[in-house]
Each structure stands twice: as structure tokens, then as C-alpha cells.
Amino acid sequence: MSGELTQSVIKRIIRQVGLECAAQGQTLSETLVAFMVKAVVLDPRNDFNMDQIITEKDMLDLIQLCVTRLLDTTNPSLSTIKMQVYFDMNYANRDDLLSEQERVLEGKLAPVVRAITEAGPHAQEEKENIYHKIVTYVLLRSGLGSPTDIEAVREVTAALQSVFPQTEMITFISLSKKDKEQQLKDLAMLVTGIRLYNKQCQKGGSGIGDLPAILNKAIPSATETVDERLNSCQLLAHRYTALLESMQEDPHRYSQLSTFKLKEALFNARQYEGFLCILLSDAITNAREVESLGVQFEAAMMVLKNTVQDKTSIESKDVFPLFMELSKLWTGFQDAKLLLSFLTNMTDNLQQFSEIQSQLFPEEMLTSLLEGVTVKSDEERIKETMGTRVNVSDFKNQEWLFPETTDAFDELIIQYHGFCAHSIGVKGLTLVGNPAIGILKHKEKYYVFSSEEAAYIFAQDPDKFIQLNVEKAKEYPELIQLLELHHQFEYLVPHAQARSANKCLMKPPPKRDNSTQTDTHILPPTIVRSYEWNEWELRRKAIKLANLRRKLTHAMQTDLSHMRRENFTQVYLPKDVGTQTKRDNSSNVPKPQIFLKGLRGGSSPTTHMVAVDLTRPLDET
């Protein structure tokens with residue numbers, strides 16, 4: 001809008017529209033209301049003058065028009081805009097979805113990580129408490145089981161003790177916070193790999209489901225659901241297109257069908273088709289990823305089994321990388337499950353925006369309207385025009401591209417989402433374009449057409465038909481996103497100039513990314529290293545130079561050193577040699593054995609003691 005319509009006024013209008021819709025039972029998002037305000041202002045039928053200051057009456061009229069259109073639940077145009085806003089606010093590609101999931105997981109684990117990493121040297125009891133927190137972290141990080149599952153906690157504790165016994169807690173506590181966090185992640189991956197291996201060997205696996213089998217069963221079902229809904233909406237689009245074409249050919253049918261909102265219904269079906277194509281492509285990519293992960297997981301498990309082979313002890317450097325690889329592959333399965341759930345929810349939630357089709361055009365009614373009308377699919381239309389193409393010699397200043405003469409022909413970015421550039425503004429139809437007829441390159445943009453005749457007409461004055469398409473998007477604001485015309489509505493010219501020039505929009509100025517770089521020091525350095533600011537230092541150097549003037553260097557040579565040269569000799573170092581000069585020997589001395597007889601006495605009062613020497617002679621030993 002114009003500069004006079006300030007940001008505060010726009011916010012006031014959006015807030016007022018939202019409040020009035022809420023008062024009538026419709027709670028709408030601010031994004032949807034803002035888009036509708038823009039659509040109402042752009043619609044030339046509302047005749048809003050954008051080069052003047054908006055009055056209070058204009059503001060009230062604008063608010064009333066927006067509220068009326070937002071509350072008209074029988075208009076497919078509103079359902080299409082709601083569908084576009086929902087998809088823009090909720091859809092995310094695989095990388096963005098997984099990064100957001102990682103961010104959420106890190107936020108949930110942050111308190112546990114903080115309690116572990118900020119702990120310092122404590123008593124033995126507190127170290128055991130930290131170790132239990134590490135077990136909880138590993139269990140939550142892996143997503144394999146719940147901390148309330150006693151069996152899962154036991155498995156994690158046993159696996160963790162095998163790679164990180166409690167005796168290493170002292171070393172762990174002494175690490176920096178960053179190193180602690182990295183070691184926690186590594187431990188979580190190792191323990192996950194060990195548990196997966198134990199489950200494969202039927203020695204555990206509490207809380208671990210057969211995720212590959214679940215995905216292999218769920219992904220085809222989800223893909224089939226998206227494909228069925230895509231075929232249904234494509235059939236509706238083909239029927240609506242046939243009815244609209246019959247209206248333009250037969251005035252009687254035009255008067256009969258003019259009250260129906262066929263164009264709005266067609267645009268709704270085409271937008272639903274476009275979003276389903278995106279979801280179907282993501283589902284197919286996800287299926288291929290799961291298939292590849294399954295092959296890699298089986299191969300990694302086989303390598304690990306061959307490495308272990310019931311050995312009692314294995315080097316950690318041999319098995320730890322294999323456990324880590326198992327954990328990474330299993331994380332890939334978990335990511336695929338998350339993506340599948342996201343795609344399923346998106347598919348189910350998008351369906352509500354196409355339900356208006358069955359309300360406005362029940363199957364019985366649509367069948368009766370199609371009596372005597374030939375319905376052609378997009379594939380049939382392309383097949384009919386496969387043998388035709390434009391003659392380049394008929395155009396002097398136009399550049400046409402063909403598959404056999406253009407590199408990366410399939411990678412060209414086609415305007416209007418691949419629909420015929422002529423039929424949109426002239427007929428109000430979204431007919432699929434056939435690139436084989438020829439792609440027109442006009443002002444660095446590429447356009448396709450549904451027939452040779454349409455290509456010739458458009459090429460005579462491309463700017464005129466491009467402007468017609470823009471005007472058609474003003475009448476049907478859902479075309480802005482469907483035909484990807486956002487760049488056409490970024491800048492607006494004043495209303496008076498638009499009427500005089502018969503234009504309401506102008507293209508934004510061309511832009512491109514650019515960068516500059518300056519050297520740190522353009523000129524060579526001029527620093528004088530010998531400069532001294534200290535006067536006493538300068539005086540000391542001066543005295544030193546003065547003393548050097550009185551010094552002389554003397555040299556002499558004797559007769560013995562005259563005309564002599566340096567000599568070198570080389571000798572072989574002695575070898576280490578050992579000799580033995582004696583041998584060890586030993587001898588054994590007999591142990592003395594002397595016995596005394598008569599110490600206890602006898603019948604006589606006198607004790608007679610006899611000593612008996614039983615020691616063996618020395619020569620007998």
C-alpha cells in the first residue's frame with residue numbers, strides 16, 4: 001500500500017478485523033487477516049485509492065469488506081487462502097524439521113546436562129548420584145525406553161558400566177564443560193549401539209521396538225493415502241476445467257453455470273494438488289531413505305557380529321566405532337518416523353480445506369453438469385500437443401528453448417508453477433503447459449504454453465499478457481501463491497499513475513548479492529623499528545658507537561697453520577662382546593640329628609641320660 005497508509009494504521013485495521021471476526025465466532029490468525037486486507041486493497045473492483053491518505057470512512061469500508069470475505073465460508077477462495085496460510089506456517093522440509101526436533105530435544109535435556117556438567121569434586125555418594133543422572137541422560141537421549149521402565153534402566157546401566165565404569169567419574173568431573181557434553185553424547189551413542197546389538201542377540205532390548213519393520217509397513221500406507229487424495233483432487237481439477245471451457249464456448253452454458261464459483265473451486269483444487277505433490281515427494285524420498293538405512297543397518301550388524309564372535313575381550317577401538325555406527329543408523333530410522341508422522345498430520349489437516357468442494361459440488365450435481373462435456377486430464381492435453389512446436393524463424397527478437405538444444409532443460413524454473421502463461425489472464429484457467437511446444441525466454445524468465453496458438457499469441461506482446469495475469473491475481477488473491485507471483489506484489493505505484501499508465505504494479509528493481517573487501521594495510525608499513533623516544537637510550541647508543549671507533553680487530557697466522565687444510569678420519573666403533581669366566585655350584589651340609597634318652601626318668605631315683613647322635617656322615621650327603 002502507499003506510504004500514507006502507515007504501519008500503525010495497517011496494524012489497527014488487522015486488529016479490528018480480527019476482533020470483529022472473533023465476535024462472530026471465527027478466531028482467525030493474524031497472518032490470514034493481514035493477507036485478506038492486502039487482497040481486498042489489491043482487488044480493483046473495490047476501487048481503493050492508494051495515493052491518498054486513508055480516511056475513516058475508507059478504513060471502515062475496508063474493515064467491513066475484509067470481515068465479509070473472512071466470514072463467507074461458502075467461498076472456495078477463502079478455503080484456498082486458509083490452506084495457503086496453514087501450509088506456509090506449518091510446513092518444513094526435512095532438514096528444518098530435524099534441526100527443530102534436535103533443538104527441542106536439547107532443550108528438554110538441558111536441565112539434566114546442566115546438573116551433570118556443573119558438578120565438581122564431591123563425596124562418593126554424590127558421584128553415584130551424578131552417575132545415575134548420566135544413566136537417565138543416556139536413556140532420554142536415545143529415545144529407547146522410559147526412565148520409569150526399570151528393565152530399560154537396568155539395561156542402560158549395565159551397558160554404561162561396560163564402557164564407562166564408576167571409577168572413571170573422577171576423570172570425568174575434571175573435564176571442561178564442553179568436553180563433558182561431548183563425552184555424554186558419545187556415551188549415549190555407545191550405549192544405544194550396545195543395546196541394539198544385545199536386542200539382535202536376544203539378550204535384552206526392553207523398550208526397543210522393531211522400528212524398520214514399522215516404517216516399512218507405515219510408509220507405503222501413508223504414501224498410498226497421499227496418492228489417492230492427489231488423484232481425487234486432480235480429477236476434480238480436470239472436471240472444473242472442462243466445465244469452464246464449455247462455458248466459454250457455449251453462451252447458454254455460461255448463463256447456466258455463471259452463478260457457480262467454478263474458478264474459485266478450480267484454484268482450490270489446483271492448490272491442494274500442489275501441496276499434495278510436495279508431501280508425496282517428501283514421502284517417496286523418506287521411503288528411499290528408510291530402504292537405504294535398512295540395508296546399511298543389516299550390514300553394520302553383520303560386521304559387528306563377525307567382530308565379536310563370542311569373544312571374552314575385544315579392543316575398544318575395534319567395536320566402539322561399530323556401536324557408534326549402529327546408533328547413527330538407528331537415529332536415521334527415528335528421524336524417518338518423525339518425518340512420516342509430520343507428513344501424515346499435514347495430509348490430514350490439509351483435507352479440511354478441500355471439503356468445500358463436496359459441499360458446493362456434490363457428485364450427483366457434478367455428474368449432471370458434465371453431461372455432454374469431454375473431460376481431459378493433464379496427461380491427455382500434453383499428449384495432444386506433443387507433435388506441435390513453434391517455428392523459431394517466425395520470431396526475430398524472441399528466444400525459444402527446446403529439449404534437444406538446451407542444457408539442463410528440465411531444471412529451468414518455469415513461471416506460473418508450470419501453467420500456461422496465456423490461459424491464466426485471458427481465460428482464467430490453469431491449463432498445464434507443455435515444454436515440448438517451446439519455452440519462451442522473456443526478460444530472463446521462462447514461460448510454457450498449452451498449445452501452439454497460445455504460444456504465438458503470448459509471444460506477440462508478452463508484457464501485456466503478463467500484466468493480464470497480474471490483474472487476474474488481484475481478482476483472485478489465491479493465485480498470488482498458486483502462481484508464485486509474490487515478487488509482482490512487493491512494490492506498488494501511486495493510484496493516479498497506475499490509471500494513467502493502465503498499470504497498478506511495477507516490477508521491483510533488479511537485485512543481486514554483492515560484497516567488497518578492503519586490505520587491512522593498503523600502503524606498505526612505515527614503522528621505523530630503530531626509533532627511540534627515550535633520550536637516555538639514544539645517548540647510550542651514541543656512546544656505544546663512539547667507543548667502537550677506537551676498537552680494532554686483529555688477526556695473525558703462524559707457520560704451522562699456513563696453507564693447511566682440515567682433515568677428517570673415520571673409525572669403526574668397537575663391538576659389545578661378552579664372556580663368562582665362572583659357573584655357579586653349591587653343596588649341602590647334613591642336618592644334625594641328636595636324640596636324648598632317659599629325660600623322663602625311670603624306676604631308679606637316679607636319672608641316666610644317654611645322647612644318641614644320628615647325624616649322617618659328610619661323605620654320604
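This is a predicted model: local features need pLDDT of at least 70, side-chain atom pairs count only at pLDDT 80 or more; totals for chains, interfaces and linings use all residues.
Visitor: What is the strand order in the open sheet of three strands?
Guide: The order is S1-S2-S3, with antiparallel pairing. Strands are DSSP runs of E with at least two residues, helices are runs of H or I with at least four, and both are numbered from the N terminus. Two strands pair if DSSP finds at least two bridges between them.

Visitor: Which strands are at the edges?
Guide: Strand S1 (399-401) and strand S3 (445-447) are the edge strands, each pairing on one side only. Neighbouring strands of this sheet are turned by 35 degrees against each other on average, direction ignored. For such angles, axes are lines fitted to C-alpha atoms, for helices over the stretch in contact, and angles run from 0 to 180 degrees between N-to-C directions.

Visitor: What lies between S2 and S3?
Guide: S2 and S3 form a hairpin with two residues between them, and Lys-443 in the turn has a positive phi of about 55 degrees. The side chain of Lys-443 also meets that of Asp-463 in a salt bridge (3.3 Å, N to O). A salt bridge here is a side-chain nitrogen of Lys or Arg within 4 Å of a carboxyl oxygen of Asp or Glu. Asp-463 lies in helix H19 (residues 462-475) and Lys-443 in the loop between S2 and S3, so the pair ties together parts that are 20 residues apart in sequence.

Visitor: Is Lys-443 buried or exposed?
Guide: Lys-443 counts as exposed, at 52% relative accessibility, whereas Asp-463 is partly exposed at 36%. Buried means under 20% relative accessible area, exposed over 50%, and partly exposed in between (1.4 Å probe, protein chains only).

Visitor: How many salt bridges does the whole structure hold?
Guide: A search finds 23. One of them joins Arg-141 and Glu-102 (2.9 Å, N to O). Arg-141 lies in helix H6 (residues 124-142) and Glu-102 in helix H5 (residues 94-117), so this pair ties together parts that are 39 residues apart in sequence. Glu-102, Glu-106, Arg-141 and Lys-185 are linked in a network of salt bridges.

Visitor: Where do Arg-270 and Glu-273 lie?
Guide: Both lie in helix H12 (residues 262-308), three residues apart, about one turn of the helix. Arg-270 is buried, with a relative accessible area of 3%, and Glu-273 is buried at 10%.

Visitor: Changing topic, how many disulfides are there?
Guide: The structure holds zero disulfides, a disulfide being a pair of cysteine sulfur atoms within 2.5 Å. The sulfur of Cys-21 is 8.6 Å from the closest cysteine sulfur, in Cys-66, too far for a bond. Cys-21 counts as buried at 0% relative accessibility, and Cys-66 counts as buried at 0%.

Visitor: Where is Leu-599?
Guide: Leu-599 is in the loop between strand S4 (594-597) and strand S5 (610-613), and counts as exposed at 57% relative accessibility.

Conventions. Residues are numbered from 1 along each chain as its sequence is written. Side-chain values use heavy atoms; hydrogens and water are left out.
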